[in-house]
Amino acid sequence: MRISIDQTVFKRAAFWSLIFFAAAHAFCFFNLTYASGSVLIDVSRNAAAQIERGVYLQPFYWSFRGSLSSPMIVGILCCVYLTTACCLMLSLLRLNTCVSAFALCGLMTLNVTITLRFSGSLTTADASMLALLLGIFAAALTLRMKWGFLPGAVLAAGAMALDTNGFSLFLAPLLLVLIADALNDTAPIRPAAAKAAASCGLGVVLYAAGGLILWRILDLEPTLPARGFFAAESFLLMPSPLLFYHPVPGFVLYGVLLFLAFFSLLHLLRRLPHVRAVFVFSCSILFPFVLSLLLDQEHIADSPVFAFFPVLLLLLLHNGLSGLSKEHLLRTCAAGVLSVFFLSSVVLSNQLYLKKNIEFQSTLSLMTRVIDRMERTTHYMPGQTPVVFAGTLENNILSAKHNGFAALSRFDPTVTLCSSSEETLWYLWEILGYPVNLLSLYEQEQWAKRPDVAAMPVFPAAGSCQMIDDTLVIKLSDR
């Protein structure tokens, strides 16, 4: 078997991907949208930690892309990776109609989890999009070549070494292609399933071997992210691009889409042979549960793997509605729901990026005031005097939520770029370039517990910045 796609559909898929990407995400990459972990602009500074967390290919990728995360370069790479991924998925799932191309590109490019990844992890977002693309390529090689599970396992291992949820980014398209083949092929299911299992197993072995070798050579201690089972009901709800108008119609429309997909699945099962029907039903129903296994608990909400679930719905709708007496009406209904979702996602993405940009400006204003207070403290020497921040700017009384963005708190509850002590450190060093001699995070925690520090008022009150035992202490908040 080989990978093939109609050139007209391919061109339209590339066109729609570019249009959707520009409409939803251009603001992010043409402005300073650094936030959370993105304040670490020079990603090479964190290379050792990346290797210890198991994403050991990221430092090698930065040497190719450049360690300084320029938003425009990151955006161009993300666009290329995501557009290629959409075109390849169309071919693998045999969605060779222009309407399907429009729908799939929108579902993957405008998914809310993609927006959350761009807004919260701008500096490393392109590595995640590359892992997504590698996972799809791995699935293509595994199921479309005679011995493809061998190179497929290599690419799968690469996806795992670029993103902490890389295994799911390979498993998701693999299951989708197996379902599509079961719906369209007369070839046996067992050989394809066996190749898929072999590729998964070999990919995990290669990934683990690469990590063990690097940890041994560099004498590093692995600190793999905590993994667990993510609730399936949350998996079903999270990828829904919640309407920016009101959450209730968003869930209602998403429920309509789920109902149409389930109705299509039942219609498909009646047309398939018994074995294939059981296989398709099992894979479709268990799809969210399987992908919920072993997800990185710190990167669940913004994992690109969630973008694959709506693609499963599209696959079922594409194949299951054909031949029905009300086919045109049902397809029109599904298209209407998707169109509303796409419009809503574009608005939601731009609002979220605007929020992050405003927070970038307000954090700069607040931190400038903090630095000014530090420098007006007697005996303080920039870059020499030890400094302690008690609390965070995020919890300071001056860090109020901006009006009009309350609906976005479900996706992004922060109000500043310094929501933790570590982010405060990187913000001062990377964004402001200010020479501050901060004590270690552990030492700052111990200082915050001292009775004399606990008794200090919170900034900007008088006495919130003072010298204690030749150390400058700034109390930003009580917690």
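1. Let's start with E5 and strand E6 (residues 471-475): they run antiparallel and are joined by four bridges. Ile468 has Thr471 in E6 as its bridge partner. Two strands count as paired if DSSP finds at least two bridges between them. Helices (H or I, at least four residues) and strands (E, at least two) are DSSP runs, numbered from the N terminus.

2. A word on the model before going on. It is a predicted one, where local features need pLDDT of at least 70 and side-chain atom pairs count only at pLDDT 80 or more, while totals for chains, interfaces and linings use all residues. Residues are numbered from 1 along each chain as its sequence is written, and side-chain values use heavy atoms, with hydrogens and water left out.

3. How far can you trust it? pLDDT is the predictor's confidence in each residue, from 0 to 100. The chain average is 87, and 94% of the residues score at least 70. Watch residues 237-242, though: pLDDT stays under 50 there, and the model has 25 contacts (heavy atoms within 4.5 Å) for them beyond four places in sequence.

4. Back to the sheet. It is open, with four strands in the order E4-E3-E6-E5 and mixed pairing. Strand E4 (437-438) and strand E5 (465-468) are at the edges with a single partner strand each, so one side of each has no neighbour in the sheet. E3 and E4 pair in the parallel sense over two bridges, and Pro386 is opposite Asn437 in E4.

5. Why is strand E3 (residues 386-390) largely enclosed by the rest of the structure? Because four of its five residues are buried. Buried means under 20% relative accessible area, exposed over 50%, and partly exposed in between (1.4 Å probe, protein chains only).

6. Helix H6 (residues 112-120) is also worth a look: eight of its nine residues are buried, so it is largely enclosed by the rest of the structure. Among those buried are Val112, Ile114, Arg117 and Phe118. The cover over them includes helix H1 (7-29), helix H4 (71-93) and helix H15 (327-375).

7. Finally, the surface. Phe262, Leu266, Phe281, Ile285, Leu286 and Phe289 make a nonpolar patch of about 500 Å². Helix H12 (247-271) and helix H13 (274-291) are the elements giving two or more residues to the patch, and H13 has the largest share, four residues. Phe289 is found in helix H13 and is partly exposed, with a relative accessible area of 38%. Patch residues have over 30% relative accessible area and no salt bridge, with like charges joined within 9 Å and nonpolar side chains (Val, Leu, Ile, Met, Phe, Trp, Tyr) within 5 Å. A salt bridge is a side-chain nitrogen of Lys or Arg within 4 Å of a carboxyl oxygen of Asp or Glu.

Conventions: Accessible areas come from the Shrake-Rupley method with a 1.4 Å probe; for residues, only the protein chains shown count as cover.
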